[in-house]
Amino acid sequence: MLRSSQPLMGPNRKRCREDEVLLGTVLDEGERGFIIDTRSAQAAKQARMTGGGTEPKSSYPQWRRLHRPLERGRPLQESFIKLVEACNDPLINMDRWLSRLESCRWLSHVKAALSTACLAAQCMDREEASVLVHGAEGTDTTLLVTALAQVILDPSCRTLAGFQGLLEREWIEAGHPFHLRCARSAYSHARLKQEAPLFLLFLDCVWQLSRQFPFSLEFGERLLLTLFDNAYASAYGTFLCNNVKERRVGREVGTALCLCKVKESTHSLWAWLNQPGEKKKYLNPLYSHNALVIWPSVEPQSIQLWQGLFFRWIRSSQYLDEAWAEIQRLVEGN
Amino acid sequence: VENVRLLDRLSSRKAALGTLYLTATHVIFVENVSETRKETWVLHSQISSIEKQATTATGCPLLIRCKNFQVIQLVIPQERDCHDVYISLIRLARPVKYEELYCFSFNPKLDKEEREQGWKLVDLNEEYNRMGIPNNYWQISDINRDYGVCDSYPTELYVPKSATAHIIVGSSKFRSRRRFPALSYYCKDNNASICRSSQPLSGFSARCLEDEQMLQAIRKANPGSDFIYVVDTRPKLNAMANRAAGKGYENEDNYSNIKFQFIGIENIHVMRSSLQKMLEVCELKSPSMSDFLWGLENSGWLKHIKAIMDAGIFIAKAVAEEGVSVLVHCSDGWDRTAQVCSVASLLLDPYYRTMKGFMVLVEKDWVSFGHKFNHRYGNLDGDPKEISPVMDQFIECVWQLMEQFPCAFEFNERFLIHIQHHIYSCQFGNFLCNSQKERRELKIQERTYSLWAHLWKNRANYLNPLYRSDHGQTQGTLRPQMAPCNFLYKFWSGMYNRFEKGLHPRQSVTDYLMAVKEETQQLEEELEVLGERLANLQKSQLNDDKVKSKQQDRSKQLGLSTSDNSLANTPQEYSNDLKSFPSRSPSQGDEEDSALILTQDNLKSSDPDLSANSDQESGVEDLSCRSPSGGGCLPSEDSGKDSDEAVYLAV
């Protein structure tokens, strides 16, 4: 599975030999690959006007392009804000709750993200074909799809250590701009242009997988909530900045060069999480290594609202915590 | 009929070819695939509707919708045959006499005594004794011993001590269907009670001294409070409209010391329509999230469930927190009243959250108090306007509570689903007829078997591994969160999409934990035995002066494993672009498709068919699929299929 950003075709349909050769080397003679573009065909076409574009069939004959539009940017942030508002609204009665939930569209985004990741996984696992995933910038929906697809396909990404590795690889080092995307969250009045909850969407999708495959992930909901918290505000440097360069070299802030030097100046979230005392809080007592691919159902009935996150401060988790404690007790007793 | 195709709902490309049989009690589809010869059995009683669809090039489609939400899509090659099957099924699914029902031919091969014992498992007298009655405030009354006062009530009823026969009879004349106020639940901690009745025949201004005295008697039976609540579970408008027909509700001015309250649960027609709409949503092919949420809201189903729950919560609060007695009624006091009283009882008393207690609860508030099973669930062909999913709603309320309080119930989801199944199956005699009187006239207990005994025998399948009677959650009153709480009501896909395996979590946590619990217990027992042996050995070794270390092998290596992952699940259709994919729907019973989480040998307490039939990995059995030829019997399906008795209408 490969990821990139969009090819800079532009309005004049530029070609790039090197790019074509690069993609050509991925596939053997006669082999077919799939390009999953996370923009609609329309949007991808329009991108040409601003210098972007898609891979034309003629230049990339072995690659078949599929469009799976995934929401990103402002609309996704709006969806998130609306959902949080709906969850906190004391006045909605049961008559209106579901339509209000629907109007936020959040669950539709979860469904779309899971479906696209499954598609990528299907290409690889069932068709045994290589897949290239990209949107526009390659830093948002692209990473959502590639990271999720790996959780679906690869059992090692479902272990606690493997999942951390996945996050490092597919989100942090791949350059998801955490600083811009996870700025103020849902309550802020400042509607920042660059803010968007892609990472939260990813965590929600992983939560859906954990619900559908309760034995297959080594970690539980608590880890996902902790990651959500730390993406927005953290005592650790793991999610700081927007990319590797900024973390190493620093950022230009005004005229001064801000030396981030994250590794030298901060502590790693993983180091803390992996301490034996901490780690056990994040483990799933039902975990058992599942060597196979886990294919989720993306029917609406199978996708649920992540109560543990969206109702975290609204409803008591006491009874569910007790249930988990009981599960822990039963498994440990054995 | 041969060469019939059974289509899969999610993936119409996938169809099984086989033969369709009609017997006196079942429709059976047997697949041609020689290794598995998978069978799908549907009881006629379960058939809700049959739809003959337009003939296409491939054949004549026939859609069978069942009361347990199974939907069977058949394609019959010849139009003639299809028509014959259709006509036959219409007749078979609408019996006119009780004797046609399955329960009269069902034979689980028990002797007469076992059958009787089965019926004695639930004893309501014992139950009222457990509550602490009779006592200073409540007594048993046999005024209805010949059903002379009210023919839909049982022969034994509990009334306040100060309610004389005269008062009871007078009150019954002032109540719809003669259903006078009688005791449903008594809380011995504070003497508060829940009583139930039907609406008073008050019209605009009628009064009845005896009825007023009856309510006073209920109040006096609780010295801790100087008033009672009267809860009318109908919407105010409906109740008011009833006044024009000479019925209505209690006027606070006439009845001293009552506080009157409307709760607003809709009537049986609204509920029937609501379920219909929700099932239509379930039948949508590849719905979007929008389609689904809009459709679900439009049906109003969850809103109704919440309304029933809210009523139960109100009553439970009144009893537990205020110590005030409550009289509940609706129109006739056999639908909403039953729902609300049983929900309240569940919240109040942990006994009803045990398996046995739940059976007792259903027997008390539904069976004995004359819920009209025949009319509501169509045992016999009757007025379609009487059909309504009243008990289904109650069962769903229980499930919603189980989701909120996972440790509080001794039984699991499967228990509820099987009970729902049998409300419609007519395989047992518990849910037949409209009243105790009718059941006794038909001699049900002598001619049929009790569901409770059957479930009890298989109770290991129905246990909730997280239940501990000493757990905080299981004790005392359950207090569901009130507003905000809309989000707590979830769509119950385990019930309404029960037969679509692809939708459910592929691995059953319940089954796994039950197996873990069992194994731990067995290991602990073995440990004890070995410990004793060791002690004995040490004693004899002291005598022998030799030290022998014997390695005792465990007699059974119960290698409990969740990772028998030799079988994978399959992807659903994520895309229409990839037509080359072998995009099989996960809901078909392909041998490869299940993710069995337990090795076969370890499934001591679970359904034997888990080993035989690969689509059983979600923990929700497909009750209609099992092989009669010794492949094991699902707990709730009969094993004695008496194939020699069955009449094969090989069309």
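Biologist: How many residues does the contact take from chain B, and how many from chain A?
Modeller: Bear in mind that this is a predicted model. The contact takes 65 residues from chain B and 66 residues from chain A.

Biologist: And what area do the two bury between them?
Modeller: Chain B and chain A bury about 5700 Å² between them, and 61% of that is on carbon and sulfur atoms.

Biologist: Which three residues of chain B supply more of its buried area than any other three?
Modeller: Those are Met289(B), Phe487(B) and Tyr574(B), with 14% of the area that chain B buries against chain A.

Biologist: How many salt bridges across the interface?
Modeller: Two are found between chain B and chain A. A salt bridge joins the side chains of Arg468(B) and Glu326(A), at 2.4 Å from N to O.

Biologist: Polar contacts, how many residue pairs?
Modeller: Between chain B and chain A, 15 residue pairs are in polar contact.

Biologist: Which elements of chain B give two or more residues to that side?
Modeller: Helix 8 (289–299), helix 9 (301–322), helix 13 (390–404) and helix 19 (509–544) of chain B. Helix 19 of chain B gives the largest share, eight residues.

Biologist: What's the make-up of that side by class?
Modeller: The side of chain B that touches chain A has 31 nonpolar, 22 polar and twelve charged residues.

Biologist: Changing topic, what does UniProt annotate on residues 299–343 of chain B?
Modeller: The unreviewed entry gives "domain: Tyrosine specific protein phosphatases" for that span. In the model, residues 299–343 of chain B are 69% helix and 9% strand, with the end C-alpha atoms 22 Å apart.

Conventions: Residues numbered from 1 in each chain as written. Chains lettered and ligands numbered in written order. Predicted model: local features only at pLDDT ≥ 70, side-chain atom pairs only at ≥ 80, totals over all residues. Heavy atoms only, no water. UniProt positions renumbered as here; feature names shortened; annotations may be inferred. Helix = DSSP H or I, 4+ residues; strand = E, 2+ residues; numbered from the N terminus. Contact = heavy atoms within 4.5 Å. Buried area = accessible area lost by both parts, 1.4 Å probe. Salt bridge = Lys/Arg side-chain N within 4 Å of Asp/Glu carboxyl O. Polar contact = N/O pair within 3.5 Å; in protein donor to acceptor, adjacent residues only side chain to side chain. Nonpolar A, V, L, I, M, F, W, Y, C, P; charged D, E, K, R; others polar.
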